[in-house]
Amino acid sequence: MDIKEKALLYRAHAGDRGAAGTLYEHYYRDIYSYVFYRVNNASTAEDLSAEVFVRMVRHLPGFLDQDKPFISWLYGLAKKVIRDYQRDRKELISAKNISGDPSNRKALPSNGRSHTHRDRHALGCFQQALQRLTDPHQEIIIHRFVKGRSVEDIADLINQSEGAVRILQLNALKSLEEALERENCL
Amino acid sequence: MFVRDRSFSLILESCLQGLDRGESLPDLLADFPELADQLRPLLLVAMASRAFPVPRPSETAQRLGRNQMLAEMNRLEIKKAFRKKPAVPLINRWIGGLVSAIRARGLTRLAYSYRLAMVSLVLLLSGGYFTISASASSQPGDLLYILKLGMQRAGLVLSYDNGDEAEQPILISPQPWEFGHTFQALNGIHNGNPGSGSGVPDPSSNSEIVVSAADSIKEEIATNKDLKDAEKEAEKDLKDAEKEVEKDLKDAEKEAEKDLKDAEKEAEKDLKDVEKEAEKDLKDVEKEAEKDLKDAEKEAEKESKEIEKDKNKTLKLGDPSQRH
């Protein structure tokens with residue numbers, strides 16, 4: 001955690017709304033995309049991401065006593081929020097087809113081109129398959145391949161050794177391959 | 001199996017890094033021909049996963065999330081402010097806490113500190129009361145007689161102002177040796193030895209001795225009467241003082257309860273204000289979104305009209321009957 005970020009955190013803890021806003025702007029999209037792939041619904045992802053930041057200001061004093069990277073703690077909060085949401089619904093998040101959910105379609109960036117039906121179908125397949133994986137496997141696929149983080153970064157993020165992350169990555173890819181086959185996506 | 005997985009995971013990672021560098025899949029697999037069959041599907045899945053886009057949240061949701069976070073900050077600040085500045089003094093808070101704890105959990109399930117304090121208080125009060133009661137019937141020379149004298153003095157202090165004290169009659173009983181002296185004098189009359197031990201009766205001083213003895217007895221009786229009066233008065237004063245303390249305690253309890261209720265009401269009000277603000281923000285955002293939607297619709301309508309116009313124009317140009 002760099003000094004600038006630490007200063008922002010202390011200022012936010014002291015009630016500085018500007019500092020809290022800066023942290024929010026910096027991390028919101030990152031957290032949102034993670035939650036989006038975990039819950040497979042854009043509007044739910046928006047609500048849950050907002051809840052992550054509400055919890056962030058609530059539990060900030062507790063975090064400041066810890067020697068932990070902020071991003072790692074924030075992802076920890078996001079995981080808890082998702083777990084609480086899934087427990088409250090008392091069911092696993094149903095894997096909806098991405099093309100059938102208009103809010104999901106809105107959440108996908110166009111990158112200068114319109115998404116074809118084939119693109120949307122492929123993404124729907126991927127998301128359905130992702131929902132079949134365990135939480136750690138989902139997490140590694142999102143961080144490593146969707147977000148493009150390195151093994152070192154993920155090791156810091158989930159507080160594991162690089163070797164453990166590589167093994168997790170191998171197992172996650174195997175599971176995803178099986179899930180994609182089961183969903184007839186391959 | 002674990003060692004194999006470990007080395008395989010390293011190979012997989014080096015292939016993934018090769019893909020990041022832009023190397024082709026066949027080239028990468030050519031480096032590990034014996035593992036190519038195992039590596040190929042995993043690398044394909046990884047490549048497919050990388051192709052999926054990072055989703056983007058809507059601006060409205062982002063703004064709403066920010067407002068929610070700031071509202072939570074407001075709520076925490078209000079809570080903190082209440083914690084920093086207690087509305088009532090510590091004793092009132094303690095009593096208030098005790099009252100609410102009794103109400104909420106009953107006497108048997110109170111916190112240890114409360115229970116200990118209450119038991120100590122009851123023991124102290126009852127012990128004090130019994131000791132004082134026992135001292136009332138004590139005689140000079142008894143251990144509790146000192147307490148009795150103390151109580152009498154306390155009664156005097158409670159009854160009169162400092163300035164008036166000097167003018168009041170002395171109600172304290174004489175010291176034990178004074179009683180002894182009187183009895184010694186009386187014994188001397190009966191034994192024919194009223195003097196300081198000379199052994200020879202002095203008829204001229206006999207009447208004086210009798211008078212002084214009678215005076216002493218009268219004085220003694222008067223003193224005893226005064227003493228009883230003083231005792232009664234002291235007891236009364238003590239009861240009054242106890243009543244006053246009880247009344248003060250009840251007043252403090254009432255005040256603490258009132259303060260607590262006021263604080264709760266204020267906190268509720270603040271929370272409602274924050275909620276209202278958040279609601280207002282939400283409505284504003286919704287209105288803005290609606291407005292944007294209407295604008296977009298209007299624009300689309302306008303565009304479609306223009307397209308229709310252009311179409312008509314083209315049709316007219318194409319119609320030979322319209323040509324000059």
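A residue is called buried if 20 or more other C-beta atoms lie within 10 Å of its own, exposed if 12 or fewer do, and partly exposed in between, with C-beta atoms placed from the backbone. By this rule, buried residues make up 10% of the 324 residues in chain B, while in chain A they make up 38% of 186 residues. The structure is a predicted model, in which local features need pLDDT of at least 70, side-chain atom pairs count only at pLDDT 80 or more, and totals for chains, interfaces and linings use all residues. Residues are numbered from 1 along each chain as its sequence is written, and chains are lettered from A and ligands numbered from 1 in the order in which they are written.

The predictor gives each residue a pLDDT, its confidence on a scale from 0 to 100. Chain A has a mean pLDDT of 84, and 83% of its residues reach 70 or more. Over residues 93-100 of chain A, however, pLDDT stays under 50. Where pLDDT is low, the predicted coordinates should not be read in detail.

Next come the elements of each chain. Helices (H or I, at least four residues) and strands (E, at least two) are DSSP runs, numbered from the N terminus. Chain A has 9 helices and 0 strands, and chain B has 10 helices and 0 strands. Two residues are said to be in contact if their C-beta atoms, placed from the backbone, lie within 7 Å. Among contacts in chain A between residues at least 6 apart in sequence, 64% join residues at least 24 apart; for chain B, residues 24 or more positions apart account for 61% of the contacts with a separation of 6 or more.

Beyond its neighbours within four places in sequence, A:Val35 is in contact with A:Ala45, A:Leu48, A:Ser49, A:Ala78 and A:Ile82.

Two asparagines stand in loops of chain A. A:Asn40, in the loop between H2 and H3, has a positive phi of about 60° although it is not a glycine. A:Asn40 counts as buried because 22 C-beta neighbours lie inside 10 Å. A:Asn159, found in the loop between helix H8 (151-158) and H9, likewise has a positive phi, near 60°. A:Asn159 counts as exposed because it has 11 C-beta neighbours inside 10 Å.

Finally, the two chains meet: 40 residues of chain A are in contact with 32 residues of chain B. The largest share of the side of chain A that touches chain B, 10 residues, comes from H9(A). That side has 24 nonpolar, 7 polar and 9 charged residues, where Ala, Val, Leu, Ile, Met, Phe, Trp, Tyr, Cys and Pro count as nonpolar, Asp, Glu, Lys and Arg as charged, and the others, Gly among them, as polar.
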